[in-house]
Amino acid sequence: MGETHSLEERFQAYVDAENKIEPKDWMPEKYRKTLIRQISQHAHSEVVGMLPEANWITRAPSLRSKLILLAKVQDEAGHGLYLYSAAETLGADRQDLVEDLLSGKAKYSSIFNYPTISWADMGAVGWLVDGAAIANQVMLCRTSYGPYSRAMVRICKEESFHQRQGYETMMKLASGTPEQKAMAQDALNRWWWPSIMMFGPRDEDSPNSAQSMKWKIKRKSNDELRQEFIDKTVPQAEFIGLTIPDPDLKWNEETGHYDFGEINWDEFYQVIKGNGPCNKQRLDARNKAHDEGAWVREAANAYAEKEAKRRKEGTAA
């Protein structure tokens, strides 16, 4: 017990000195489990996040729009792979993580359980959802676990492209016909509140935040990140002539931040529990894709075994 306590003290001092923890370094078991939970949920969110956007690839209004959306969905698949790989460095088994997602045991970002019903939603998702993701993820480039930190550097660069793509789409719609601007406003109305829910529960209701911040897994609290996102996004909406759907939103001269209305936390927790508009649809789609892709995995494994056998026989000869 005493030895473990001493190791934990040295670990904390190492982290406090802004050093990175690497896979072979000693770490508290709770630190390892916290990272596996966070990284795997992040990976699941990237994979599930492909679904509402892939739905619009064939219906994008131009070849340019199709190419951009294809690139974005491809990026998200890559992000999921980076993150599953990072979780594996902590001893997690990728197959176990995927099975937890497919069974509904594992969580992913609540935002992806909302439907994308118009092309303007592709703009709102890129601008708001990816904008919120960047606010969350930029700090993770400085997270204390090395493999996660390094994966996030590339992910954030690509997410910034996604956010610009979304804002460009909203800007074009907002400056178009009255019907196009109304479509953009409708998308903003539907995605605003789910986007600010992405930052998670209030700090006082977030049981893991304090320890994660002490270990420097997280660098800022949920409420800090949410406020930063709102402060940055409101002027962007005003610039393109759209209105944030919050009657309580107003600039506070004393604090230097925007005050905003109460979030519907009942809705947030209902979606987290699996009762959102698209929870079942998303899991059904992931299970269908997993089942239909079984032959690809089997073929890849068979080929790998064949190549390993050929190399072994060649070396023996």
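Student: Is Glu292 buried, exposed or partly exposed?
Tutor: Glu292 is partly exposed, with a relative accessible area of 48%. Please note that this is a predicted model.

Student: Which side chain does Glu292 meet in a salt bridge?
Tutor: The partner is Lys288, and the N to O distance is 2.9 Å.

Student: Where do Glu292 and Lys288 lie?
Tutor: Both lie in helix α11, which covers residues 279-292. They are four residues apart, about one turn of the helix. An α-helix has 3.6 residues a turn, so residues three or four places apart point the same way.

Student: How many salt bridges are there in total?
Tutor: The count comes to 19 salt bridges. One of them joins Lys216 and Glu18, whose closest N and O atoms are 3.7 Å apart. This pair links distant parts of the chain, as the two residues are 198 residues apart.

Student: Where are those two residues found?
Tutor: Lys216 is in the loop between α8 and α9, while Glu18 is in the loop between α1 and α2.

Student: Which network of salt bridges includes Glu18?
Tutor: Glu18 is linked with Lys216 and Arg219 in a network of salt bridges.

Student: Are Lys216 and Glu18 buried or exposed, or in between?
Tutor: Lys216 is buried, because its relative accessible area is 18% and the cut-off for buried is under 20%. Glu18 is partly exposed, at 44%.

Student: What about the backbone there: what is phi for Glu18 and for Lys216?
Tutor: Glu18 has a positive phi of about 65° although it is not a glycine. Lys216, also a residue other than glycine, has a positive phi near 60°.

Student: Which side chain does Glu88 meet in a salt bridge?
Tutor: Glu88 meets Arg94, at 3.0 Å from N to O. Glu88 is partly exposed, with a relative accessible area of 33%. Arg94 also counts as partly exposed, at 25% relative accessibility.

Student: Changing topic to Glu46: where is that residue, and is it buried or exposed?
Tutor: Glu46 is found in helix α2, residues 29-54. The residue is buried yet has no salt bridge.

Student: What is the nearest side chain of opposite charge to Glu46?
Tutor: That is Lys72, which is 9.2 Å away.

Student: Which residues is Glu46 in contact with, then?
Tutor: Leaving aside neighbours within four places in sequence, Glu46 is in contact with Glu76, His79, Gly80, Leu83, Gln137, Ile155 and Glu159.

Student: And Ala184: where does that one lie, and what does it touch?
Tutor: Ala184 lies in helix α7 and is buried, with a relative accessible area of 0%. Not counting residues up to four places away in sequence, Ala184 touches Ala120, Met170, Leu173, Ala174 and Leu242.

Student: How far apart are Ala184 and Ala174?
Tutor: They are ten residues apart in sequence, and their C-alpha atoms are 6.1 Å apart in space.

Student: Next, α9: how many residues does this helix have, and how far does it reach?
Tutor: Helix α9 spans residues 222-239, which makes 18 residues. From its first C-alpha to its last it reaches 26 Å, close to the 26 Å expected at 1.5 Å a residue.

Student: What do the buried residues of α9 pack against?
Tutor: They pack against α5, α7, α8, β2 and α10. The buried residues of α9 include Leu225, Phe229, Ile230 and Val234, and also Arg226 and Asp231.

Student: What follows α9?
Tutor: Gly241 follows, and its phi is positive, near 80°.

Student: What box do the C-alpha atoms fill, and what share of residues is buried?
Tutor: The box is roughly 75 × 50 × 30 Å, taken along the principal axes. Of the 317 residues, 49% count as buried.

Technical notes: Residues numbered from 1 in each chain as written. Predicted model: local features only at pLDDT ≥ 70, side-chain atom pairs only at ≥ 80, totals over all residues. Heavy atoms only, no water. Expected span 1.5 Å × (residues − 1). Buried < 20%, exposed > 50% of the residue type's maximum accessible area, 1.4 Å probe, protein only. Contact = heavy atoms within 4.5 Å. Lys, Arg positive; Asp, Glu negative; His and termini not counted. Salt bridge = Lys/Arg side-chain N within 4 Å of Asp/Glu carboxyl O.
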